[in-house]
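Keep the 3D view open as you read.

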Amino acid sequence: MLTVNAFAATSADEPLVKTTIERRDLGPNDVLIDIAYAGICHSDIHTVRGEWGPIAYPQVVGHEIVGHVTEVGSAVTKHRVGDRVGVGCMVNSCGECVQCVAGKEQYCLKGNIQTYGGVDPADGTITQGGYSEAVVVNEDFVLRVAENLDIEKVAPLLCAGITTYSPLHRFHAGPGTQVAVVGMGGLGHMAVKIAVAMGADVTVLSQTTSKQDDSLRFGAKAHYATKDADTFRKLAGSFDLIINTVSAKINVGDYLGLLQAEGAMVNVGAPSEPLEVPAFALIAGGRTWAGSMIGGIAETQEMLDFCAEHGILPEIELISAEQINEAYERVLASDVRYRFVIDAKTFA
Ligand code: NAP
Ligand code: ZN
């Protein structure tokens, strides 16, 4: 076993602290990754604060991981020592059910094994995430990261990138489609950049106009404040597709009214409180209310390759491990521009 430095939550309401964790010995299909950078996703915060239900502490979170392969198991064929690789939200799945066979491991009928907080089929321990120096992952859940993507910035693609790419792709964002992105944080700003690269006309729906210049810089054609009730009157019936990335409860009916007939609103935000969907906002106009969770492994590779081809990267603020707790407060205050990335050297 390998002992590595990490940052862990020890309870729902205390700051994360420095600790050490054990990484399992490499099985034949495992890859050891020296982590270079790890992104901070709002899901990390929901998780450690117990907002999605009780968890076992101590827990190391982080599911936006990039680094280099330093060792491979005897049967590994997909990766070599020295390769630049990424790991996202999943580290395993059953591999046999209809969803896994279809390449949708995120919807594995037995439940995918999450990068943190899951039960590792290799040894029965609770999986520990990316706020650490190294990780051991089955080679099938390790992604290739192109050399032309700035390694300091690439980690957020592994969750924020795929979580927005997948529904944009599934609901055919492209030339001529009118797409709205609700909430411009980590996921939201990736949704804007990716939808623009797909050729869609993109509008940002943010709480205020404070991020307007950034929206336009990322390629959106418009930005509206949702605090202004007039926005909902002006934009009624405007969009083919709305991607909701908000981490808190929103008034879904107001947004459904912004869809054209037969338009779709896809929810990726994961607040702990239920979202209320008014029946008449759906049936009038034949609208679709849908959900989406990350993406499959093949689709994640497709997204990474798409981002490499189009030069798409997140806007990041690089921090040290000691700044994680402060970064959490800033994420909660919607004061993130637009993803915090931890320099893994600082876990030492
Ligand atoms: P984030 O960086 O905090 O962004 C969320 C954005 O939502 C904020 O920047 C803010 O945008 C807006 N917002 C926050 N509170 C709001 C409120 N009370 N009312 C209206 N808007 C509000 O979070 P993230 O990392 O992008 O994650 C977003 C959500 O997606 C989280 O719930 C996360 O757990 C979930 N998630 C889901 C998946 C999936 O597979 N479905 C994957 C990853 C994350 P403005 O300042 O522009 O208003
Ligand atoms: Zn995430």
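## The largest cavity

The largest cavity is lined by Gly88, Cys89, Met90, Phe141, Leu143, Leu158, Ile162, Ile294, Gly295, Ile297 and Thr300. By class, that lining has 8 nonpolar residues, 3 polar ones and no charged ones. The sorting goes like this: Ala, Val, Leu, Ile, Met, Phe, Trp, Tyr, Cys and Pro are nonpolar, Asp, Glu, Lys and Arg are charged, and the others, Gly among them, are polar. The space inside the largest cavity comes to about 70 Å³, and a search of the whole structure turns up 1 cavity of 30 Å³ or more.

What counts as a cavity? On a 1 Å grid over the protein atoms alone, a cavity is a set of points where a 1.4 Å probe fits but cannot get out, while a pocket is an open set with protein on both sides within 12 Å along at least five of seven lines; lining residues have an atom within 4 Å of a point. Grid points are joined across faces, edges and corners, and a volume is the space filled by probe spheres set on the points.

## Ground rules

This is a predicted model, where local features need pLDDT of at least 70 and side-chain atom pairs count only at pLDDT 80 or more, while totals for chains, interfaces and linings use all residues. Residues are numbered from 1 along each chain as its sequence is written, chains are lettered from A and ligands numbered from 1 in the order in which they are written, and side-chain values use heavy atoms, with hydrogens and water left out.

Ile294 sits in the loop between strand E15 (288-291) and helix H10 (297-310). (Helices, H or I with at least four residues, and strands, E with at least two, are DSSP runs numbered from the N terminus.) Ile294 isn't a glycine, yet its phi is positive, at about 30°. Is Ile294 buried or exposed? With a relative accessible area of 9%, Ile294 is buried, because buried means under 20%, exposed means over 50%, and partly exposed is in between (1.4 Å probe, protein chains only).

Ile294 also meets ligand 1: one of its polar backbone atoms is 2.8 Å from an oxygen atom of ligand 1. Such a polar contact is a pair of N or O atoms within 3.5 Å; within protein, one must be able to donate a hydrogen and the other to accept it, and residues adjacent in sequence count only if both atoms are side-chain atoms. Met184 has a backbone N or O atom 2.7 Å from an oxygen atom of ligand 1, and for Ala270 that kind of distance is 3.0 Å. There are 29 residues around ligand 1, and His42, Met184, Ser206, Lys211 and Arg339 come nearest; a residue is near if one of its heavy atoms lies within 4 Å.

Cys41, in the loop between strand E3 (30-39) and helix H1 (42-48), and Cys159, in the loop between helix H3 (151-154) and helix H4 (160-170), are 118 residues apart, so the pair links distant parts of the chain. Both Cys41 and Cys159 are buried.

## The second largest pocket

The second largest pocket holds about 320 Å³ of space. It has 19 lining residues, and those closest to its centre are Glu22, Arg23, Asp120, Thr125 and Ile126. Strand E2 (17-23), strand E6 (90-92) and strand E8 (134-138) each supply at least two lining residues, and E8 gives the most, with 4.

## Two spots on the backbone

The peptide bond from Tyr57 to Pro58 is cis, with omega near -5°, and Pro58 is in the loop between H1 and E4. His172, which isn't a glycine, has a positive phi near 60°. At 62% relative accessibility, His172 counts as exposed.
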